[in-house]
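This report covers salt bridges, a helix pair and some backbone features. The sequence and structure come first.

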Amino acid sequence: MEYRYLGNSGLQISELSFGSWVTFSDQMDEKKAEVCMHTAYDGGVNFFDNAEVYAGGNAELLMGNILKRAGWKRSEYLVSTKIFWGGEGINERGLSRKHIVEGVDNSLMRLQLDYVDLLFCHRPDYQTPIEETVRAMNYIINQGKAFYWGTSEWPVESIMEAYHIARREHLIPPVMEQPEYNMLHRQRVEVDYIPAYDRFDMGLTIWSPLGSGILTGKYSNGIPKDTRASLEKYTYLEGRFSGDRAETNINKVKELAPIAQELGITMPQLALAWCLKNEQVSTVITGASKPEQMEDNLKATDIKAKLTPKVMDRIEMVLDNQPSFPTDFR
Ligand SMILES: NC(=O)c1ccc[n+]([C@@H]2O[C@H](COP(=O)([O-])OP(=O)(O)OC[C@H]3O[C@@H](n4cnc5c(N)ncnc54)[C@H](OP(=O)(O)O)[C@@H]3O)[C@@H](O)[C@H]2O)c1
């Protein structure tokens, strides 16, 4: 495993990490999730991602129990949570000071931890002034309940606003963003966020590196049983697995499969290693609904070197989706 700095911070994070969305509680019970977490940790993973909303809080409960039993030194692993959707009440969602402070306390209780290492604003809240959110994050960190804060799926303008408010008011600025990034979803990470990389070397903890499973190749002949796409509770993800856009993507994966085969690696490894080639990425958060997937994915770190410039060009030809940069009028 290799470790990267989280943006412009002194924190080192494993380039592959492990998250709990969809899988913890809804696909895996505590025992299975425990095997996955131990496989990840033994493979050098030091970061585990969570959110108050995952499985209605149960993903944090499971992770907390597993961490407690593991007995790992607290200084040797990183845990995150994300705040936005904490419940149905009008003040249980969003990024008000009230919800951030109460949401973090509830998450820490479920995780049975004194602090999380990384704390994310799970989405932008257009009803709350950004200054209120920046001040609440600053307060949480000063209380010792988190070490670093950042955003998830925020537009670059809002990230820059948060950064400038923090600097102007002598508050703690955000250091990272958690965006979706994979071979099929590139615009924000490769183009839109450039001002934040330039201004404060924003780190990225990227999600859905396999596009929820599409990039594994398992959807070539319809939707197999026992996969994310077959889960009733997650029908809102349907557009990823069926329809015109999905069909185009599945065809691209069919063309990528021979490249993986020639390199002697699996399709998930190819897709994960491709994300790792982007140096702005601090960590690729992987997901696994079975321990053997975790084992397969961990090997991506060793095969990065196989993705030479020539191989990357071949992949680019198949993907045919390189985002365009804004015109330079100088
Ligand atoms: N900030 C945000 O808004 C946000 C949003 C989403 C996710 N996340 C974070 O990012 C993490 C990763 O996202 P993700 O779960 O969508 O990642 P992903 O890598 O795109 O999808 C993971 C899924 O792909 C399948 N898979 C994984 N490895 C495989 C392998 N080797 N062979 C075959 N199938 C494999 C499994 O699904 P099957 O059950 O179908 O086999 C697995 O659950 C989440 O756990 C969460 O922590 C954050």
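## Salt bridges

The side chains of K98 and E102 form a salt bridge with an N to O distance of 2.6 Å, where a salt bridge is a side-chain nitrogen of Lys or Arg within 4 Å of a carboxyl oxygen of Asp or Glu. The model is predicted: local features need pLDDT of at least 70 and side-chain atom pairs count only at pLDDT 80 or more, while totals for chains, interfaces and linings use all residues. Residues are numbered from 1 along each chain as its sequence is written, and side-chain values use heavy atoms, with hydrogens and water left out.

Both K98 and E102 belong to helix α3, four residues apart, which is about one turn of the helix. Helices (H or I, at least four residues) and strands (E, at least two) are DSSP runs, numbered from the N terminus. K98 has a relative accessible area of 43% and is therefore partly exposed. E102 is also partly exposed, at 36% relative accessibility. For these classes, buried means under 20% relative accessible area, exposed means over 50%, and partly exposed lies in between (1.4 Å probe, protein chains only).

Salt bridges with shared partners join E2, R4, E15 and K304 into one network. By the salt-bridge rule, the count comes to 22. Three of these pairs are listed below.

| Pair | N to O distance |
|---|---|
| K98 and E102 | 2.6 Å |
| E15 and K304 | 2.7 Å |
| R110 and E60 | 2.7 Å |

E15 and K304 are both buried.

E60 has 0% relative accessibility and so counts as buried.

## Helices α1 and α2

How do helix α1 and helix α2 pack? Helix α1 (residues 30–42) and helix α2 (residues 58–70) pack at an angle of about 60°, and their axes are 10 Å apart. Axes are lines fitted to C-alpha atoms, for helices over the stretch in contact, and angles run from 0 to 180 degrees between N-to-C directions. The two helices, α1 and α2, are therefore oblique to each other; angles under 35 degrees count as roughly parallel, over 145 as roughly antiparallel, 65 to 115 as roughly perpendicular and the rest as oblique.

On the α1 side, the contact (heavy atoms within 4.5 Å) is made by E30, A33, E34, M37 and H38. On the α2 side, L62, M63, N65, I66, L67, R69 and A70 take part.

K32 is also in helix α1. This residue, K32, is partly exposed, with a relative accessible area of 38%. K32 and S289 are 257 residues apart in sequence, yet their C-alpha atoms are 8.5 Å apart in space.

## Positive phi values

Q112 is not a glycine, but its phi is positive, near 55°. Q112 is in the loop between α3 and β6 (116–121) and is partly exposed at 37% relative accessibility.

E153, also not a glycine, has a positive phi of about 60°. E153 lies in the loop between β7 (146–151) and α5 (156–168), and at 14% relative accessibility E153 counts as buried.
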